[in-house]
Amino acid sequence: MSGLISATTSAADKRSAFRASLISEKITRLPGAINPLTAKLIQEIGFEGVYVSGGAFSAALGLPDIGLTTLTEVAAHSAQIARSTDLPVLVDADTGFGEPMSAARTVTVFEDAGLAGLHLEDQVNPKRCGHLDGKSLVPTDEMVRRLRAAVSARRDPNFVICARTDAAGIDGIDAAIERAKAYADAGADLIFTEALHAHADFENFRAAVDIPLLANMTEFGKSALIPAQALESIGYNAVIYPVTTLRLAMGAIERGLRVIHEEGTQETLLGEMQTRSRLYELLEYERYNEFDTGVFNFTLSRSQ
């Protein structure tokens, strides 16, 4: 019953697949998973990867996205998601949970958790959501030290280290490009430029930086919502939808709770719900039953 309790694909193979996807001609789409069940659905629908958003995770804990979560919390949450899917999982590692030495440890912890990669950002800790104002950046050389420490700690060469810069919204796109080049020289495999505004900004960044690029298509932020096909045509290699599933879920939860509060029953909401049979299908209940029967329904002969 391989693949029942956890994914069949090894962490090493997921990392290899993710790295290969970043140099292919196709864009890698990574919706955010708020839990392992969401990751299973992302895989079933046919996406190429899964993303674990720091903003979505902190929000699920009832906390703002200002660096309050710990390495231990994020690693445990991410490991549960990675275990549930055959897709590579990229995780938001904020600023590395401390100084450069902490960033190095973060890489080893996430490797052990089965992740395919992480991204580190150049904000001052405590950080802010990338689409809020009032952010502060560390000097470029400090971020370079952060990245070099992370790269040096990597044991699997296919584990992807992505560098995120928030410079575009603070110092302008030219400053973000200069930082991106320095981060690539420091060993980053992938560059994530936060809070670009228009289609032309994404084009300009692609033209100036010659390593794989990741786009963030988050809702209600500073960036235009550009279709994946258009990003692919520009030359972007990966795109994340970090908080989309959380927003979809919370919107439905809030509407449903208000209906129950007003009507005293969920009867009118049944058509909007995932059915019991669909949930059981996604969870592969029947396979668990077969596994349980195959393992425990046996007898021993008296001679044994």
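This is a predicted model: local features need pLDDT of at least 70, side-chain atom pairs count only at pLDDT 80 or more; totals for chains, interfaces and linings use all residues.
Let me start with one word: buried. A residue is buried when its relative accessible area is under 20%. Keep that cut-off in mind.

Now the overall picture. Buried residues make up 45% of the 304 residues in the protein. The chain forms 13 helices and eight strands. Its radius of gyration is 21 Å, close to the 19 Å from the globule rule for 304 residues, so the protein is as compact as a globular protein of that length. Along the principal axes, the C-alpha atoms fill a box of roughly 75 × 60 × 35 Å.

What about contacts along the chain? Take the contacts with a separation of 6 or more. Residues 24 or more positions apart account for 70% of them.

Next, the inside. The largest nonpolar core has 59 residues. Which of them touch the most other members? They are Phe110, Ile191, Phe202, Phe205, Leu231 and Tyr236. There is also a second, separate core, with 13 residues. Tyr51, Leu90, Val160 and Phe192 are among them.

Let's stay with Phe110. Leave aside its neighbours within four places in sequence. Phe110 is then in contact with Arg15, Leu71, Val74, Ala75, Ser78, Val91, Ala93, Phe97, Leu115, Leu118 and Phe159.

Pick Ser78 from that list. Where is it? Ser78 sits in helix H4, residues 71–83. Is Ser78 buried or exposed? Its relative accessible area is 0%. The cut-off is under 20%, so Ser78 counts as buried. Again leave aside neighbours within four places in sequence. The contacts of Ser78 are then Val52, Val91, Phe110 and Leu115.

How much volume does the largest pocket have? About 870 Å³. It is lined by 26 residues, and Thr245, Leu248, Ala249, Ala252 and Gln274 are the closest to its centre. Two elements give two or more residues to the lining: helix H2, 36–45, and helix H11, 244–263. Which gives the most? H11 does, with 10 residues.

To recap, in order. The protein has 13 helices and eight strands. Its largest nonpolar core holds 59 residues, with Phe110 one of those touching the most other members. Ser78 is buried in the model. And H11 gives the most to the lining of the largest pocket.

Conventions: Residues are numbered from 1 along each chain as its sequence is written. Side-chain values use heavy atoms; hydrogens and water are left out. On a 1 Å grid over the protein atoms alone, a cavity is a set of points where a 1.4 Å probe fits but cannot get out, and a pocket is an open set with protein on both sides within 12 Å along at least five of seven lines; lining residues have an atom within 4 Å of a point. Grid points are joined across faces, edges and corners, and a volume is the space filled by probe spheres set on the points. Helices (H or I, at least four residues) and strands (E, at least two) are DSSP runs, numbered from the N terminus. Buried means under 20% relative accessible area, exposed over 50%, partly exposed in between (1.4 Å probe, protein chains only). Contact means heavy atoms within 4.5 Å. A nonpolar core is a set of buried Ala, Val, Leu, Ile, Met, Phe, Trp, Tyr and Cys residues joined through side-chain atoms within 4.5 Å. The radius of gyration is taken over C-alpha atoms; the globule rule is 2.2 Å times the number of residues to the power 0.38.
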